[in-house]
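Me: Hey, can you walk me through this one? I'm new to it.
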Amino acid sequence: MPYARSAAAAVALAAVAGLATACGSSSPNMGPSTGSTCTASSTSTTITISNNAVCPQNITVPRGTQVTFVNSDSQTHEMNSDPHPTHEDCPEINAVGNLVAGQRRQTSNLVIARRCGFHDHILFDVKSLQGSITIQ
Ligand SMILES: [Cu+2]
């Protein structure tokens with residue numbers, strides 16, 4: 001498991017480096033906009049909400065990343081840091097907060113290497129709306 005985790009992290013770093021160099025113009029790949037299954041790779045820095053589920057549920061990003069939450073669902077979601085209801089683990093995630101349908105917002109800079117769990121504060125017991133961001 002530790003080996004697989006570090007291998008995935010290496011891929012994530014490479015992908016983010018690629019994105020950074022390609023950035024500056026309009027947004028590159030914002031992930032699939034069609035289909036109902038979660039096919040987003042673990043190298044994404046975007047988490048999409050649709051059909052009451054986040055995709056991907058767990059991502060790994062380098063320190064200094066801002067992760068974007070996109071609400072592609074038909075209802076409002078409120079993304080916050082664990083634990084519910086105090087949200088004190090990773091305050092950077094609380095910058096996302098309330099997202100009406102179609103809205104997107106970024107976390108603050110995730111500068112501390114650690115694992116940050118998140119959830120939908122409105123539907124806090126729905127497992128498919130929970131996940132984690134691992135900062136390396
Ligand atoms: Cu909560």
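**A first look**

Reply: Let's start with contacts, meaning residue pairs whose C-beta atoms, placed from the backbone, lie within 7 Å. Of the contacts in the chain with a separation of 6 or more, 49% come from residues 24 or more positions apart. This is a predicted model, where local features need pLDDT of at least 70, side-chain atom pairs count only at pLDDT 80 or more, and totals for chains, interfaces and linings use all residues. Residues are numbered from 1 along each chain as its sequence is written.

Me: What's the mean pLDDT of the chain?
Reply: The mean is 82, and 69% of the residues reach 70 or more; pLDDT is the predictor's confidence in each residue, from 0 to 100. Over residues 7-36 the pLDDT is below 50, and that stretch has 24 contacts in the model beyond near neighbours in sequence.

Me: OK, new topic. How many helices and strands?
Reply: One helix and nine strands, counted as DSSP runs numbered from the N terminus (helices H or I, at least four residues; strands E, at least two).

Me: Which strands make up the open sheet of four?
Reply: The order is β2-β1-β4-β7, with mixed pairing; strands pair if DSSP finds at least two bridges between them. β2 (53-55) and β7 (104-106) are at the edges with a single partner strand each, so one side of each has no neighbour in the sheet.

Me: How do β1 and β2 run?
Reply: Antiparallel, with three bridges joining β1 (residues 46-50) to β2. T48 has C55 in β2 as its bridge partner.

Note on methods
Two residues are in contact if their C-beta atoms, placed from the backbone, lie within 7 Å.
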